[in-house]
Amino acid sequence: MKIDANGTEIRVMGDVVNEDAYISLTDIAKYKNPDNAFIVVANWMRNHSTISFLGLWEQIHNPNFKPIEFDRFKAESGDNAFTLTPQQWIKATDAIGIVSKSGRYGGTYAHTDIAFEFASWISPEFKLYIIKDYQRLKKDEADRLAIGWDVKRELSKINYRIHTDAVKEFLITPTLSPQEMAYTYASEADILNMALFGKTAAQWRSEKGIKGKTPNIRDFASVEELVVLINLEDTNADLIRQEVPKIERLKILREKAYRQLELLRKNQDTIAALKKNLIEDTETNG
């Protein structure tokens with residue numbers, strides 16, 4: 001995800017809608033020094049006020065934060081020779097408010113609370129542009145996640161609790177078996193299939209004696225399973241942005257699918273009514 005702060009493109013990762021997003025400090029710093037953004041970030045982290053702010057944020061949000069190391073940095077920050085990089089801060093204090101990423105989408109990212117503080121240090125005016133487009137991004141993401149039909153709204157009220165029959169048919173346990181973990185996944189679609197159905201599309205076709213790529217395993221999915229699939233797609237997209245390895249993503253997706261299917265055991269009557277309404281709406285609109 002990206003925001004446009006008066007012409008400056010800034011990358012964003014994480015959960016924007018639920019206020020758990022991280023904004024690229026590297027991109028923000030380029031507003032001040034396009035060629036040496038890392039120097040701008042390092043200079044900001046030398047400040048006593050910056051260290052105090054970062055330490056307070058971690059103490060509020062991070063139970064594993066190391067206060068002794070924080071106190072040392074805070075005491076040394078008044079020295080003209082004091083230097084501190086994001087990597088040194090993270091490694092020494094187990095900080096979570098700032099993350100350093102390598103690779104194509106690498107750079108230094110910080111939680112929105114911290115990123116906005118950094119932007120104020122860069123330029124109060126620039127900070128306002130960032131906040132304005134971040135709010136736009138947040139609204140767009142909320143709209144994207146809202147399917148917009150009555151079934152989705154009703155399902156959200158019961159926390160996407162999915163019918164127990166699907167649990168019995170597809171998911172025996174919330175964890176992966178050694179055999180499942182050993183599979184090689186040819187596509188992102190099969191990661192989702194494995195998480196929800198416990199098998200790839202090719203394995204399903206083989207079991208059914210189907211040659212070719214049609215019909216597909218998803219053609220036989222229930223309404224409940226398709227709703228879970230939508231949630232898994234959104235989760236997987238976020239995990240991909242965070243560069244989480246495939247096998248780790250599969251574990252996370254399997255646990256989420258199992259949890260959502262498991263939790264609807266007490267809402268069978270509600271789901272039956274929703275399915276009836278969905279069928280009637282489809283027939284009317286068709």
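Author: Start with exposure: a residue is exposed over 50% relative accessible area, buried under 20%, and partly exposed in between, with a 1.4 Å probe and protein chains only. The model is predicted, so local features need pLDDT of at least 70, side-chain atom pairs count only at pLDDT 80 or more, and totals for chains, interfaces and linings use all residues. Residues are numbered from 1 along each chain as its sequence is written, and side-chain values use heavy atoms, leaving out hydrogens and water.

Reader: What makes residues 201-208 helix α12?

Author: They form a DSSP run of H or I, which needs at least four residues; strands are runs of E, at least two, and both are numbered from the N terminus.

Reader: Why are the buried residues of α12 said to line one face?

Author: A201, W204 and R205 are buried. Seen down the axis, they fall within an arc of 100°, so they line one face of α12. The arc uses directions from the helix axis to the C-beta atoms. S206 and E207, on the other side, are exposed.

Reader: What do the buried residues of α12 pack against?

Author: They pack against α11 (188-197). Contact means heavy atoms within 4.5 Å.

Reader: How do you know that β1 and β2 pair?

Author: Pairing takes at least two DSSP bridges. Strand β1 (residues 2-5) and β2 have four, and run antiparallel. I3 stands opposite I10 in β2.

Reader: Why is strand β2 called mostly covered?

Author: Six of the eight residues in β2 (residues 8-15) are buried.
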